[in-house]
Amino acid sequence: MKIVAYHRVSTARQGSSGLGLEAQTKAINDFATARNATITGTFTEVESGKNNDRPELQKALHLAKVTGATLVIAKLDRLSRNAAFLLTLRDSGVKFIAADMPDANELTVGIMALVAQQEREAISKRTSEALAAAKARGTKLGNPNGAAALRRAGKGNTAGVKAIKRAADDHAKDLAPVIESIRAEGVESLGGIASILNERGMLTPRGGQWHKSSVKNLLSRLNQLSF
């Protein structure tokens, strides 16, 4: 049995560091060993899950087609919300196997693609509505210079702390429906939530990128707030 391995990581940092890539490589290598298969090619896509341009996938599919190999991916469920990927896979005419779902077939993938497209549209709508509500209240999401502005205004430390806390509370409330939609997708880990927030362009209260620690602080603040 000949196989072509395809991996996907969502950021350049993950691609260069091997974060996420190592686990995918191990899953595919374990599959190859169990099936006594030969890996004829390996392709790694570094891109966002919402990016439909996948040149490495096209290369992997082409090699599999011309060599009669089977395309193997580590986790179909990790990509199951990306309609473009699923439809490309379904329509390629190439045999494929997902290490985490070895019984998946063209019908399975087609159904996943329809669900993925519907959910992506629903997420986009919920996010737009949340941001529109915040804008209507006059809230500015992610003010990186809030603390500095207070210091320049010469306000006392007590007033400054209260103002910063109030801004953080408002920011948390604005993001509450976004967090709810992410959790509705089954994403509960701090890292997973941070990754999706960054992909959707959401900013922290200081206008930066989300990390596990900032997501933990956000969830803690939401638990303390009464809506």
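**View 1. Salt bridges in the predicted model.** The count comes to 4 salt bridges, a salt bridge being a side-chain nitrogen of Lys or Arg within 4 Å of a carboxyl oxygen of Asp or Glu. Side chains of opposite charge can pair when their charged atoms come close. This is a predicted model, where local features need pLDDT of at least 70 and side-chain atom pairs count only at pLDDT 80 or more, while totals for chains, interfaces and linings use all residues. Residues are numbered from 1 along each chain as its sequence is written, and side-chain values use heavy atoms, with hydrogens and water left out.

**View 2. D30 and K26 on helix 2.** Here the side chains of D30 and K26 meet in a salt bridge, 2.8 Å from N to O. The two sit 4 residues apart in helix 2 (residues 21-34), so about one helical turn separates them. Helices (H or I, at least four residues) and strands (E, at least two) are DSSP runs, numbered from the N terminus. D30 is partly exposed at 40% relative accessible area, and K26 is exposed at 53%. For these labels, buried means under 20% relative accessible area, exposed means over 50%, and partly exposed is in between (1.4 Å probe, protein chains only).

**View 3. Two further charged pairs.** K59 forms a salt bridge with E56, and their closest N and O atoms are 3.1 Å apart. Both belong to helix 3 (residues 55-67), where a spacing of 3 residues puts about one helical turn between them. K59 is partly exposed, at 44% relative accessible area. Then look at E188 and R183, whose side chains meet in a salt bridge at 3.3 Å, N to O. E188 is partly exposed at 48%, and R183 also counts as partly exposed, at 36%.

View 4. You'll find H7 in strand 1 (residues 2-9), and it is buried, with a relative accessible area of 3%. Contact means heavy atoms within 4.5 Å. Leaving aside neighbours within four places in sequence, H7 is in contact with L21, Q24, T25, I28, T42, F43, T44 and E45. As for K75, it lies 68 residues from H7 in sequence, and their C-alpha atoms are 9.0 Å apart in space.

**View 5. Strand 3 and its partners.** Strand 3 (residues 70-73) points T70 and V72 one way and L71 and I73 the other way, and all are buried. Two strands pair if DSSP finds at least two bridges between them. Strand 1 pairs with strand 3 in the parallel sense over 4 bridges, and I73 is the bridge partner of Y6. Strand 3 also runs parallel to strand 4 (residues 96-98), joined by 3 bridges; here L71 has F96 as its bridge partner.

**View 6. The nonpolar cores.** A nonpolar core is a set of buried Ala, Val, Leu, Ile, Met, Phe, Trp, Tyr and Cys residues joined through side-chain atoms within 4.5 Å. The largest one has 19 residues, of which I193, L197 and W210 touch the most other members. Helix 7 (157-184), helix 8 (190-199) and helix 9 (212-224) are the elements that give two or more residues to this core, with the largest share, 6 residues, coming from helix 7. Not counting residues up to four places away in sequence, L197 touches V178, I179, I182, M202, W210 and V215. A second, separate core of 17 residues includes V4, L57, A64 and I73.
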